Amino acid sequence: MSPVIVARDVAYEFSNGRELFKQLSFSLNATRCALVGPNGVGKTCLARLLAGELEPTRGVIQRHGSVSLFAQRQPAEPIAVADYLAAVDEWSLTRDQLLTNIDQQALCTTLSGGQWMRVRLARALDDGFLILDEPTNDLDREGREAVFQFLRAHTGGALLISHDREALELCDETLELSNLGLMKFGGSWSEYVIEKDRERARLGATLDQAKRERDAAVAHRVEQQARQEKRNRRGQAAADRGGLPRILAGGRKRAAQVTTGKRDIALVERAETAVTRAHEAFADLKIDPVMYADLMGQALHSQKLIAEARDFNIRFGDWLYPQDVDFSWRGNVRLALQGANGSGKSTLLKAITGAPLITRGELNRGPLVTLYIDQHCSVLDDTLSVLDNVRSVATGSESEIRTHLARFLFTKDTVFQKASTLSGGERLRATLARALLATSKPELLLLDEPTNNLDLANIEFLETLVREFRGALIVVSHDQRFLENCGMSSEFVLPTAR
């Protein structure tokens, strides 16, 4: 199979002189390939280079056929869906599935984020080699299934940039981009993860063994020094009794000390070198930086009220729910709030926080310390730095707060970044830091699509954090694997219009 894209010694450097990557050489065939790596490593920049939207600082990229970038975000056009799709003249089952329940006479600007993504995919289905940047973001379960079907049906080849593990499983090979370069792995996503785990375990065992040998060498040296001191004391006692001339005894003592010292120092140095090399090998594994935090929360009594609704609805232009909703949630619930795009999941979360909305029926809320993280992390004050956002709710000195912020990967001058300049993943980290360093610990955690802007390492971190949360939990997410790994025990599905 002839390659569609060939990259040779590609490098890219920003105008300020910062080099993003260098000497990347690889080829891509008309198959499905995943591109993974931590946030900020340059995946989107590499995608734009491959599509021809940027030119490399050095090196060459050759394209043999059509290569298009399907961007993560694209403003909707103020035209009807049918007009947007006018260039498509071939029917396909996949295209019909993508357009299910979408009014083709509606303006694209009136569509939800998920509906607009599906319309864009429907138009791109017959394109050549596609580079897809986070295509499942903002999609409900039905939309995600449509993307999966799209990936299976598209025959021109695709490079998938995604943190969606279900989508990654559809790829035939994986490219891993890190600050050490690009590495290709054959096989499925699961096989890639298994291989990385094996490598991590092997290098971890090597590092542990090197540390044990180093500690043994240090202990041996201490023991030898103690023995030599004991021999020296015996020799000195013999000299004092006249058994050896003082000059001869002193010479033997110094010779023994020099010989033993050199031998022991060489042994310890070799052991230290082995530990250093093992550390370097472990670092070369390119383990993504992972924030560390403790979100144990406050456990609730089994009958403590979270929220209770009777014949409840919310006006959002018209009444949001086609049937009024009823529910009663108490104690340490672990609830997945489900529904299609536009069904009102995020709006219901806002209602539970007490946001001013036009409603009918009853909604009673328990008096709980609540941590609400929406898709935009809007709790942050964009005019303030990360440090000042946290300092506004936390106690302790600036030095203490900065020590805590390091657990969320904000170190050195990054604590002075304005919130308005943060990436999506950075905003989530700053929001978590602000909430978790506040004086009151949360009893209720509300999460609205929290994984949309996180890399895989920090999605796994967030899963662990949420799984260990002791209080009540309500999550909106279309990522089924995330919900499973968080230990969600129940769900509430909002009604949708038929």
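The pLDDT is the predictor's confidence in each residue, on a scale from 0 to 100. In this predicted model the protein averages a pLDDT of 83, and 89% of the residues score at least 70. Where pLDDT is low, the predicted coordinates should not be read in detail. Because the model is predicted, local features need pLDDT of at least 70 and side-chain atom pairs count only at pLDDT 80 or more, whereas totals for chains, interfaces and linings use all residues. Residues are numbered from 1 along each chain as its sequence is written, and side-chain values use heavy atoms, with hydrogens and water left out.

Pockets were located on a 1 Å grid over the protein atoms alone, a pocket being an open set of points where a 1.4 Å probe fits, with protein on both sides within 12 Å along at least five of seven lines, and lining residues being those with an atom within 4 Å of a point. Grid points are joined across faces, edges and corners, and the volume is the space filled by probe spheres set on the points. The largest pocket holds about 1000 Å³ of space and is lined by 40 residues, with Pro38, Asn39, Gly40, Val41 and Ser423 nearest its centre. The elements giving two or more residues to this lining are α1 (43-51) and α12 (424-436). With Ala, Val, Leu, Ile, Met, Phe, Trp, Tyr, Cys and Pro counted as nonpolar, Asp, Glu, Lys and Arg as charged, and the others, Gly among them, as polar, the lining of the largest pocket has 13 nonpolar, 16 polar and 11 charged residues.

By class, the lining of the second largest pocket comprises five nonpolar, 13 polar and six charged residues.

Helix α13 (residues 456-467) is mostly covered, nine of its 12 residues being buried (under 20% relative accessible area, 1.4 Å probe, protein chains only); among them are Leu456, Phe461 and Glu463. Strands β8 (residues 173-178) and β9 (residues 181-186) run antiparallel and are joined by six bridges, where pairing requires at least two DSSP bridges. The two strands form a hairpin with two residues between them, and Ser178 has Gly181 of β9 as its bridge partner.

Key. Helix = DSSP H or I, 4+ residues; strand = E, 2+ residues; numbered from the N terminus. Buried < 20%, exposed > 50% of the residue type's maximum accessible area, 1.4 Å probe, protein only.
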